[in-house]
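Q: Please take a close look at a single part of this structure and describe its packing in detail. Please then follow the account to the boundary between the chains.

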Amino acid sequence: MLLNQHTLFIALQFFIPWELTHLMFSHALLEIPVQSCNLTMTSHNFQHILSWKSNSIATTPIYYTVWYKIWSTVEEWKAVEDCTNITTLSCEITDFYEIRECYFINVTGFSGEEKLVECVLNFFPISETILDPPEISIFNFKDAVNVTVHHPTFLSKLKEIEKDFFSSVVIKVESNGSSSQDLEVEMADKENVTVTTDPLIPNSNYCISAQWKLVPSDKIQSSSKCFTFSPSQESEKSTLIPVVFVVCFIIILLITTFVKTLKNTGYICRKPIPSPKALDFPPVTPGPLRLHYEKITVVEIIYKIKKKEMLRESDDKSDNEDKSDSDYESTQRTGNGYIMNCLTSRSLSQDSTFTQKEGNPTGSGPKDPECPETNPPLADAGSATSNQLKAGPDEKGVSRLWSFISEGSVLSSESEDCSNFNVNLNTVFVGDPGDNNASEEDDAQILLPVQEDKTNLVDSDGSELLSQAACGKTPLLHVPSAEHLWSENSSSDESVTSEPDKDQRGGYLRR
Amino acid sequence: MVYRGILYLALLLLFSTSISSKGYDSLRFHQRRTNQRSLMFLNKMIGKLHPECLQERMDFQIPREIVQPRQCQRENATMIIHEMLQQTLILFSSKNACPDVNETIIEPFLSGIYQQMVHLEEEMDQANSSWESLESILRLKNYYQGITNYLKNKEYSSCACKIVQVETRRNFSFLYKLTEYLKN
């Protein structure tokens, strides 16, 4: 080879200039050796980054390609897709899916068709990659801690069968001066897993670390999270919240019960109770006793004192008359010391009736009005005074008159329209004012004033006869003159407590 | 009398189970440590692989149940692991073993394997072998026989030894999964 080259060189000296000959031979004699490079594989969590440095002095750009083979198979070179004909001096290899295989890596650099750079490397991923420990999160939970292991993200780069290496995690809980706890966690597919440690001692320092259980690598970084366990705040918070809820519930319950009680008792939300229609009175000032008049009839009460002799004389005469002419009837009802005398007197006007009722006035026709039942007012029990009225000589017109006679009691009422009066029959003589046959000398007519004046008439008994002005139309009361009043004392005294005098002679009530 | 005998038998089974379970927990712990240490020694043995050895590569066709072990009983896992350790011990301790291997690396590697084999043999005496485990063991035997034949054919060249060391390291990575079956 050299002899031929020298021979050729000498021969060319004669035909080609020296400079050109020199250049031609130098290029032929010298072969540019393939430069080696330093391959460096940086693998972190199975993210493999291959880098190299070339010492080539070539002025033209060099295009690099990364090739690899697997030692356990007899396959040919394979080129990494993302690392083909690149000009950069590093490349990330994403084709190493089998982490337990041994890879033979070859990087070649070409300039045109000329190989300028070539370097090789063996790589065993499972043993040479730098693995981070499992990512964990720690949270206090009552008297222990919850440890959450996060699903590793690099598993997407691995083959399915290779993922089994990362299916188990061991959590170590270590404390100064106390035994440690080892918790094994089985990782779920693409999910985080949480485990709870055993109860920890308060105010103690703990360090929690997690490791891959099955990875056969001695390059696993270990990291631990240390803290001082203080469950008091968490327990207080955790126990305070339910207590607050219970207290609020009790308060709400009490308020609801109180409101319901007030509602039931009527203090609040009181609904107006509709009164029965029967109690709907007209808007008139109420009075104790109302007299509904259809027409006022003048009633004359003749206070007359007759001597016994006169009465006896007239008895014979009036016996027959009384039977047929008795228009007066009296009934008496007693109760509670009161005497209710139902005086039926003939009204002056035949068409009118004088009624004294409580309630609805009813006009009574020519029929004899009956005595309405009324309850006598309560009063001190007094001696019952019975009076019996006899029908007067005049039989025309009948009127009823209720009177509440009470000895020693006073009933009075003031009303503009109504009149209430008590008639002491001991001192009055009820008769028909229209009767001309009545004795004139013994009759004394009393005309009650229309105004609302009280006229107290005191008879010999000392009982008061109260009369008031009627409601516009007042009945007439015949009262005796003073002389007669005083002269009756003896006779009236005798008959106060006597039984009802049934002497109907003359038709007058006599005492 | 019969009831007393039944009671004794039940207690015996209960205690035997507890003892055996405790033994398997210890066995698993030691196996994990053996796996880790063996990998470390093999990494040191292999070192740098020369591209020329790529031409000596061989697909030995390891049994599939070693690459992807199914759920198996602890007795079967014990037998399989024991067979693999035993074959590895024979492969690396023969008088015709690879000459370029540093003794400071190979001796602790082999002693660790041997100690683990003893632990496994203690449990194997009480275990009942199943037909499935026997088939797996036969396939393993054929597998390691092929490796031995390969070495002989290559005359235990350095590249051939490198290839076998790489394959053994790969097998120990498979043992990590089998070791987890050594439990209750």
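A: **Helix packing and the chain contact**

In helix α3 of chain B, the residues B:Thr78, B:Met79, B:Ile81, B:His82, B:Leu85, B:Gln86, B:Thr88, B:Leu89, B:Phe92 and B:Ser93 meet a set in α4(B) made up of B:Ile106, B:Phe109, B:Leu110, B:Ile113, B:Tyr114, B:Gln116, B:Met117, B:Leu120, B:Glu121, B:Glu123 and B:Met124 (contact: heavy atoms within 4.5 Å). By class, this contact of α3(B) with α4(B) comprises 13 nonpolar, 6 polar and 2 charged residues (nonpolar: Ala, Val, Leu, Ile, Met, Phe, Trp, Tyr, Cys and Pro; charged: Asp, Glu, Lys and Arg; polar: the others, Gly among them).

This is a predicted model, in which local features need pLDDT of at least 70 and side-chain atom pairs pLDDT 80 or more, while totals for chains, interfaces and linings use all residues. Residues are numbered from 1 along each chain as written, chains are lettered from A and ligands numbered from 1 in written order, and side-chain values use heavy atoms without hydrogens or water.

Helix α3 spans residues 74–93 and helix α4 residues 103–124 of chain B; their axes come within 9 Å and cross at roughly 150 degrees (lines fitted to C-alpha atoms over the stretch in contact, with angles from 0 to 180 degrees between N-to-C directions). The two helices are therefore roughly antiparallel (over 145 degrees; under 35 is roughly parallel, 65 to 115 roughly perpendicular, the rest oblique). The crossing of α3(B) past α4(B) is left-handed (the near helix turned anticlockwise from the far one by less than a right angle).

α3(B) also packs on helix α6 (residues 158–179) of chain B, at about 160 degrees with the axes 11 Å apart. This pair, too, is therefore roughly antiparallel, and α3(B) passes α6(B) in a left-handed crossing. Among the α3(B) residues involved are B:Ala77, B:Ile80 and B:Met84, and the α6(B) side includes B:Val164, B:Phe172 and B:Leu175. The contact of α3(B) with α6(B) holds 11 nonpolar, 5 polar and no charged residues.

α6(B) leads on to chain A. The side chains of B:Arg170 and A:Glu101 form a salt bridge of 2.8 Å, N to O (Lys or Arg side-chain nitrogen within 4 Å of an Asp or Glu carboxyl oxygen). B:Arg170 lies in helix α6 of chain B and A:Glu101 in the loop between β5 (90–93) and β6 (103–111) of chain A, so the pair joins two chains. Between chain A and chain B there are 2 salt bridges. Each chain gives 25 residues to the contact.

Terms used
Helices (H or I, at least four residues) and strands (E, at least two) are DSSP runs, numbered from the N terminus.
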